[in-house]
Amino acid sequence: DVIIFLVGMMVVVGLLRRSGFFRWLLAKGLKLSNFEPNRLILIILALAAVMAALVDEVTSILFITALVLDLCDFYEVNPAKYIISVVLATNVGSSWTVLGNPIGILIALRSGLNFEDFLQSALPVGVVSLISLMVILLIWQRKDLSLLKTKVGEASAKERAAFLDELATVKDKGLFRGSAVVFILVIIGLALHHR
């Protein structure tokens with residue numbers, strides 16, 4: 001049952017990836033941050049944690065890391081600390097729900113705990129952990145973020161817009177909408193299945 005569940009989630013995540021959903025999310029984060037590095041890293045960390053809670057930590061790490069590599073490649077900065085940050089945020093987020101990691105799924109299936117039980121018990125502690133992690137990472141990465149700010153300042157508005165357009169471009173809008181609807185329905189179904 002755990003393996004079948006994980007395979008099913010991977011199929012849904014594969015649909016999201018093919019549709020460009022994760023790149024679209026990063027584009028929204030960039031737009032929301034207005035390319036300000038401190039705000040951007042906080043958005044990426046929050047996105048990594050939420051995606052880990054909703055799809056699973058391994059998938060979240062893979063896709064968010066790919067997005068961070070795209071971002072670091074565009075601005076020609078070293079991605080090492082950003083990737084470490086994403087991994088840490090993903091590990092924190094994976095504890096928020098039953099979907100976050102295979103151990104959570106196994107515990108839920110064997111003990112009879114449901115989605116809401118995990119939310120009530122793990123989410124409050126997890127959010128405090130994520131906020132603490134964000135503060136620590138902003139201090140730890142201050143030099144890297146300062147360099148990124150310089151690189152962002154050097155890029156013209158036209159280059160930033162072109163990068164944003166490339167990320168946000170959805171080639172197949174039908175697939176994008178369909179995969180997003182399937183994903184939302186899966187999460188709702190999992191959250192409400194015990195009722």
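**Entry 1: Arg23**

I looked up Arg23 and found that Arg23 counts as partly exposed, at 27% relative accessibility. The scale I used calls a residue buried under 20% relative accessible area, exposed over 50%, and partly exposed in between, with a 1.4 Å probe and protein chains only. The model is predicted, so local features need pLDDT of at least 70 and side-chain atom pairs count only at pLDDT 80 or more, while totals for chains, interfaces and linings use all residues. I number residues from 1 along each chain as its sequence is written, and side-chain values use heavy atoms, with hydrogens and water left out.

Arg23 lies in helix 2, residues 21-33. Helices are DSSP runs of H or I with at least four residues, strands are runs of E with at least two, and both are numbered from the N terminus.

Which residues is Arg23 in contact with, leaving aside its neighbours within four places in sequence? I noted Leu67, Asp70, Glu166 and Leu167. Contact means heavy atoms within 4.5 Å.

**Entry 2: the salt bridges**

I then asked how many salt bridges the structure holds. The structure holds three. A salt bridge is a side-chain nitrogen of Lys or Arg within 4 Å of a carboxyl oxygen of Asp or Glu.

Arg23 forms one of them with Asp70, and the closest N and O atoms are 2.8 Å apart. This pair links distant parts of the chain, with Arg23 in helix 2 and Asp70 in helix 4, 47 residues apart. I also looked up the C-alpha atoms of Arg23 and Asp70, which are separated by 9.7 Å. Asp70 counts as partly exposed, at 28% relative accessibility.

The side chains of Arg23 and Glu166 also meet in a salt bridge, at 3.6 Å from N to O. This pair too links distant parts of the chain: Arg23 is in helix 2 and Glu166 in helix 9 (residues 157-168), 143 residues apart. Glu166 counts as exposed, at 51% relative accessibility.

Lys81 and Asp144 have side chains that meet in a salt bridge, at 3.3 Å from N to O. Lys81 lies in helix 5 (residues 80-93) and Asp144 in helix 8, so the pair ties together parts that are 63 residues apart in sequence. I found Lys81 partly exposed, at 30% relative accessibility, and Asp144 buried, with a relative accessible area of 19%.

Salt bridges that share partners join Arg23, Asp70 and Glu166 into one network.

**Entry 3: more on Asp70**

I went back to Asp70 for its other contacts. Leaving aside neighbours within four places in sequence, Asp70 is in contact with Arg23 and Phe163. The C-alpha atoms of Asp70 and Thr90 are separated by 18 Å, and these residues are 20 apart along the chain.

**Entry 4: Gln141**

Is Gln141 buried or exposed? I found Gln141 buried, with a relative accessible area of 0%. Its place is in the loop between helix 7 (115-140) and helix 8 (142-154). Leaving aside neighbours within four places in sequence, Gln141 is in contact with Ile41, Lys81, Tyr82 and Ser85.

**Entry 5: the cavity and the pocket**

On a 1 Å grid over the protein atoms alone, a cavity is a set of points where a 1.4 Å probe fits but cannot get out; a pocket is an open set with protein on both sides within 12 Å along at least five of seven lines; lining residues have an atom within 4 Å of a point. Grid points are joined across faces, edges and corners, and a volume is the space filled by probe spheres set on the points.

About 70 Å³ of space lies in the largest cavity. Its lining residues are Pro37, Leu40, Ile41, Ile44, Val68, Leu71, Cys72, Tyr82, Leu145 and Leu148. Helix 3 (37-54), helix 4 (57-75) and helix 8 are the elements that give two or more residues to this lining. Helix 3 supplies the largest share, four residues.

The largest pocket has a volume of about 210 Å³. I listed residues that line the largest pocket, among them Phe5, Val98, Phe115, Leu190 and His193. Which element gives the most to the lining of the largest pocket? Helix 6 (residues 102-111) does, with three residues.
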